[in-house]
Structure formats: C-alpha cells, structure tokens
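Hi,

Here is the structure I promised to pass on.

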Amino acid sequence: MGESPASEARGRHMAAEMDEQPEVLERLIGSRDEIVDEVRRAVPDPIRGIVLVARGSSDNASVFGRYVLEGATLRPVSMLFPSLVTLYGVAADYRGWVAIGVSQSGETPEIVDAVEHLRRSGAVTVAVTNHPESPLGGLCHVAVGLGAGDEQAVPATKTFTAQLAAFALLGEALGDPPWPEGALRSIPGVVEEALSDPRPALEAAGTLAGADAAFVVGRGYMLAVALEAALKLKESAAILADGLSAADLMHGPIAAVRPSVPVVLLRHPGPTDEEMEAVRREVETRGAPVVQIGSEGDVPFPDAGPEPLAVFPATVRAQQIALAVARKRGLDPDRPPGLEKVTKF
C-alpha cells in the first residue's frame with residue numbers, strides 16, 4: 001500500500017527526520033564510554049535520589065527514564081512539576097540528588113529556570129539536550145548531547161528516540177539496567193529494520209484516519225511510547241488522543257470507549273502482557289476498533305531483545321502511524337496549525 005506524491009509532500013521533513021534515526025542512535029550509542037565516564041565522575045556517591053524535569057515529548061521520554069533509572073539505581077526517581085519552583089517558589093533540599101533536565105532545544109525557560117533552582121538547592125545537574133551549548137547545557141554539571149541535528153518538522157522524532165537512548169546510557173552510568181552489557185549496540189539496526197517496512201503502519205492508519213478521538217494504551221516501559229504516540233496523533237493528525245496506562249484506562253476512561261473511538265495497544269511479552277490482553281478483550285466487547293502495536297500484533301516490530309529496549313521499534317511504528325494518519329486526513333505534520341518547534345514557556 002503506497003501513498004500519492006501529493007500526500008508524500010506533506011510531512012516530508014518529518015519522514016526524512018524519522019529516516020535519520022538509525023544514524024543518530026549509532027552515533028550516540030557509540031559515545032557510550034565517554035558519556036558514562038563523565039556522568040560517573042560528576043554524580044554524588046551515594047546518590048540519594050534522582051529528579052527529572054521536562055515538558056512535551058521530553059516529558060514522555062522521561063517516563064521511560066524513570067522506569068530505567070529507578071530500576072537501575074534502586075533509588076527514588078521523581079518527576080518535578082516545574083511550576084512548584086517557577087511559580088510557587090518551593091525550595092526543597094536536593095543535596096545528594098541528581099537532577100536531569102531534558103529539553104530538545106535546551107531553551108525552554110521553565111525547564112532552564114527549574115534546573116537552575118535544583119542546582120542551587122544542592123543537586124548535581126545533567127542536561128539531556130540536542131544543543132549542549134544552550135542555556136540548559138551551559139548551566140549543568142554534565143551535558144549529554146543528543147547529536148541529532150536540527151529538526152525542521154514540529155513533531156519530534158529523531159530527538160525523541162535519542163532521548164530514550166540517552167536515558168538508557170544514563171542507566172548504565174548510574175546503576176545496573178535490566179539488559180545485558182552491549183545490548184544497546186543492536187538498537188540502530190532494529191530501528192532501521194522497522195523503518196524499512198512501513199506497510200503495517202500504513203494499513204493501521206486507515207483505522208484511525210476517520211476518528212476524532214482515540215486512546216493509546218501502554219503499561220510498564222511501553223507507557224512512555226503510549227504517551228508519545230498520543231501526542232503525535234494530536235499534534236500531527238489533529239486527533240484528540242489520550243495516552244495512558246492500562247490500569248488508568250480501566251479506572252474510569254474505559255467508559256468513553258465505543259465504536260467511534262479506536263484504541264491503540266502497545267504490547268510486548270513480559271509482566272505487563274496479561275493486563276494488556278484483558279484490556280483488549282474489554283475494548284472489543286465495547287465494539288471499539290483495536291490496533292495492536294507489538295511483536296505479534298496488527299503492527300509488528302522487529303525484536304529488540306529485552307523488554308525495555310522494545311520502546312525503540314515501538315516508537316518508530318507510532319511515528320509511522322501518526323505520519324500516515326496525518327496524510328490521510330490531508331494535513332501537513334511538518335507545520336501543525338498554531339504550533340512552533342520551541343515553546344517559550
């Protein structure tokens with residue numbers, strides 16, 4: 001199933017940037033030893049806890065980071081509400097903590113201000129940004145540069161998967177992550193394999209293209225992808241998509257599931273799959289269309305090995321679906337109405 005030349009002209013920057021992901025990941029993961037050494041030299045010993053600061057796609061990537069870092073370090077990992085600092089002036093004690101600010105541009109004032117406050121409050125600060133020379137990178141003790149190059153499309157693609165990789169590298173720097181040594185080296189090839197076969201995503205796009213609303217559901221490590229996939233459908237295809245965990249769906253929002261509201265499920269074999277299967281059965285009893293992204297679903301992706309690393313090919317599938325849905329709806333995801341690449345608050 002292909003797309004017309006006129007359709008392909010819409011979102012050409014987004015498509016091109018998606019295709020750059022294997023190279024970006026190869027370069028970033030290739031810098032593993034340098035990044036790990038620099039982070040280990042800077043952080044306190046022992047670490048009392050880790051706090052993450054982000055918005056938008058960076059916030060979604062940080063959900064993956066929270067899973068990885070808490071599991072790897074066995075220390076509490078929290079997500080800071082920046083307004084606690086920037087609007088309410090809350091001054092907690094962060095001595096012995098690591099504060100990780102995540103921003104593609106490194107320029108969002110709220111993120112910069114919050115991380116600066118955390119540094120003054122005693123935290124060792126780490127920037128995860130595409131621009132280490134940015135205000136965020138300049139104020140942090142360590143700047144992990146994504147090296148993704150500029151993105152012309154408003155929706156983040158290559159910077160998002162680079163942020164996932166950065167969090168995986170931080171997991172290796174700070175503790176013992178749940179994958180074997182060297183496993184990250186296979187990720188660029190897995191992503192390239194997923195990009196080379198967009199057909200399943202194009203087929204799934206037909207289920208979503210006529211909808212005004214949708215749910216995107218994940219659990220565990222896949223929650224980050226569900227949140228990002230929902231954001232991509234909102235900003236790229238103007239679908240009011242809600243990303244949430246399987247548990248949260250069943251605690252109320254399931255009442256809004258009906259034949260006109262498709263549900264996208266992100267699945268991978270492991271501890272979460274029994275719950276995801278229960279969600280699938282419940283959704284189908286309500287007559288809603290279901291799209292399953294997973295190794296054995298409607299939109300399969302290549303095997304990435306351990307469960308946490310499946311977020312990489314799953315993200316590619318979500319990007320492909322969002323791009324295809326936008327094109328089917330006659331929209332240009334490169335320039336969504338009313339959106340800019342850098343949010344100034």
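This is a predicted model: local features need pLDDT of at least 70, side-chain atom pairs count only at pLDDT 80 or more; totals for chains, interfaces and linings use all residues.

Let's begin with the five-stranded sheet. It is open, its strands come in the order β2-β1-β3-β4-β5, and the pairing is parallel. At the edges sit β2 (77-79) and β5 (142-145), each of which pairs on one side only. From one strand to the next, the twist averages 20 degrees.

Which strands does helix α9 lie across? They are β1 (49-53), β3 (97-103), β4 and β5, and the helix runs at about 165 degrees to β3.

Helix α5 (residues 56-73) packs with helix α9 (residues 158-174) at an angle of about 20 degrees, and their axes are 9 Å apart. The angle is under the 35-degree cut-off, so α5 counts as roughly parallel to α9. Their crossing is right-handed. Quite a list of residues meets there: from α5 they include Phe 64, Gly 65, Val 68 and Leu 69, while the α9 side includes Phe 160, Leu 164, Phe 167 and Gly 171.

Now for the other sheet. This one is open too, with four strands in the order β7-β6-β8-β9, again with parallel pairing. Its edge strands are β7 (240-245) and β9, each pairing on one side only. Ignoring direction, neighbouring strands here are turned by 20 degrees against each other on average. Helix α12 (residues 222-237) lies across β6 (213-218), β7 and β8, and runs at about 175 degrees to β7.

Strand β8 (residues 263-266) runs parallel to β9, and four bridges join them. Opposite Leu 265 you will find Gln 292 in β9. To get from β8 to β9, the chain goes through helix α14 (residues 273-285), making a right-handed β-α-β crossover.

Which way do the side chains of β9 (residues 290-293) point? Val 290 and Gln 292 go one way, Val 291 and Ile 293 go the other, and all of them are buried.

One more helix pair to finish. Helix α2 (residues 12-19) packs with helix α15 (residues 311-328) at about 165 degrees, with 11 Å between their axes. An angle over 145 degrees counts as roughly antiparallel, so that is the label for α2 against α15. The crossing of α2 and α15 is left-handed. In the contact, Arg 12, Met 14, Ala 15 and Met 18 from α2 meet Gln 319, Gln 320, Leu 323 and Arg 327 from α15.

Happy browsing, and write back if you have any questions.

Cheers

Conventions: Residues are numbered from 1 along each chain as its sequence is written. Side-chain values use heavy atoms; hydrogens and water are left out. Buried means under 20% relative accessible area, exposed over 50%, partly exposed in between (1.4 Å probe, protein chains only). Helices (H or I, at least four residues) and strands (E, at least two) are DSSP runs, numbered from the N terminus. Two strands pair if DSSP finds at least two bridges between them. A crossover is right-handed if, with the strands pointing away from the viewer, the path from the first strand over the helix to the second runs clockwise. Axes are lines fitted to C-alpha atoms, for helices over the stretch in contact, and angles run from 0 to 180 degrees between N-to-C directions. Angles under 35 degrees count as roughly parallel, over 145 as roughly antiparallel, 65 to 115 as roughly perpendicular and the rest as oblique. A crossing is left-handed if the near helix is turned anticlockwise from the far one by less than a right angle, and right-handed if clockwise. Contact means heavy atoms within 4.5 Å.
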